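Please open the model in your viewer, and keep the sequence panel beside it. The stops below each name a selection and then say what is found there.

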Amino acid sequence: MSLPSETRSEGAGPKAPGLPVELVDLVGPDRERGVPVLKGGFVGIYRWHAKRTLRTATWVRAALFRGEVVAVSVLERLAPEVGYVYYLSTSLSHRREGLGGLLLDDAIARFRRDGAQVVYAAAEEENAASLALFRSRGFRMVDRKETSYREGGLGAWGLRSRMTLVGGEVLFGVRLSGAPAEPGPPLR
Ligand SMILES: CC(C)(COP(=O)(O)OP(=O)(O)OC[C@H]1O[C@@H](n2cnc3c(N)ncnc32)[C@H](O)[C@@H]1OP(=O)(O)O)[C@@H](O)C(=O)NCCC(=O)NCCS
């Protein structure tokens, strides 16, 4: 079976968002700056879990507009070859301006640079915006029964306990294509 892998055209960068934003790492206590955007994106147990994960995740990336966090990604490295987009949220006042896509492209680039071969993400089955966003970057739904990424599929049974999937969520995945990216600055 041939597997879809991330679509990437040579030389094409991420689509520029409508806003002139700067992407930064949020580190240590600075991560709290991402809380308002997460609160705007999630309710109930998701909100609680997103805030908790914000503090412990491998990386938190933020899009800043005039110094204010307008979108945030919470990224976990589940294994050396596996990245996980835990949470992605854009402030309500800046949706559909390209920020979610920008942060997802940024996450994929970071995972690739860090040696990942696959990237997963979870989304609620009814979250049309989220499903469309992941699909637009080549992610596809991962069937629970399929073989693991090591065996050529995208199944992730061994990793699911670390992904904190809840009822109503589906798992998405993409296999990263191409060689490891050019060396960049050291990652924290
Ligand atoms: C999902 C979310 C992060 C998208 O952020 P965004 O900044 O509005 O997304 P973008 O403007 O970059 O959109 C990128 C692509 O995603 C898709 N998309 C985004 N919002 C969409 C919507 N409301 N309906 C349909 N498709 C949508 C489109 O394919 C879009 O590309 P296009 O604008 O060229 O059509 C945002 O809606 C959000 O914060 N939702 C709440 C939190 C959440 O559900 N997070 C995802 C699960 S962790």
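By class, the shell around the ligand is made up of ten nonpolar, nine polar and three charged residues, where Ala, Val, Leu, Ile, Met, Phe, Trp, Tyr, Cys and Pro count as nonpolar, Asp, Glu, Lys and Arg as charged, and the others, Gly among them, as polar. This is a predicted model, in which local features need pLDDT of at least 70 and side-chain atom pairs count only at pLDDT 80 or more, while totals for chains, interfaces and linings use all residues. For your selections, residues are numbered from 1 along each chain as its sequence is written.

**Stop 1: the ligand and its shell**

Select the ligand together with the 22 residues that surround it, of which Gly41, Thr90, Gly100, Gly101 and Ala132 are the closest; a residue is near a molecule or strand if its C-beta atom, placed from the backbone, lies within 6 Å of it. Then colour β4 (82–90), α3 (99–113) and α4 (128–136), each of which supplies at least two residues of that shell. Helices (H or I, at least four residues) and strands (E, at least two) are DSSP runs, numbered from the N terminus. Which helix gives the most to the shell? It is α4, with six residues.

**Stop 2: the whole chain**

Zoom out to the chain, which has four helices and seven strands and follows, when read along the sequence, the pattern β-α-α-β-β-β-α-β-α-β-β. Of its 188 residues, 37% count as buried, a residue being buried if 20 or more other C-beta atoms lie within 10 Å of its own, exposed if 12 or fewer, and partly exposed in between, with C-beta atoms placed from the backbone. Among contacts between residues at least 6 apart in sequence, 69% join residues at least 24 apart, and two residues are in contact if their C-beta atoms, placed from the backbone, lie within 7 Å.

**Stop 3: the sheet**

Next select β3 (residues 68–79), which runs antiparallel to β4 and is joined to it by eight bridges. Leu75 stands opposite Val85 in β4, and the bridge partner of Ala71 in β4 is Thr90. A hairpin joins β3 to β4 through two residues. With β2, strand β3 pairs in the antiparallel sense over seven bridges, and there Val72 in β3 is the bridge partner of Ala62. Nine of the twelve residues of β3 are buried, so this strand is largely enclosed by the rest of the structure.

**Stop 4: two arginines with positive phi**

Where does Arg66 lie? Arg66 is in the loop between β2 (59–65) and β3, in a hairpin with two residues between the strands. Although Arg66 is not a glycine, its phi is positive, at about 50°, and with 9 C-beta neighbours inside 10 Å it counts as exposed.

Move on to Arg96, in the loop between β4 and α3. Phi of Arg96 is near 60°, a positive value in a residue other than glycine, and Arg96 counts as exposed, with 10 C-beta neighbours inside 10 Å.

**Stop 5**

Return to α4 and select Ser130, Leu133 and Phe134, which are buried. These residues cover an arc of only 95° around the axis, which puts them on the same side of α4; the arc is that of the directions from the helix axis to the C-beta atoms. What covers the buried residues of α4 includes α3, β5 and β7. On the other side of α4, Ala128 and Ala132 are exposed. Just after α4, Gly138 takes a positive phi of about 85°.

**Stop 6**

A distance from Arg52 to Val35, taken C-alpha to C-alpha, comes to 9.8 Å, although the two are 17 residues apart in sequence.

Technical notes
Two strands pair if DSSP finds at least two bridges between them.
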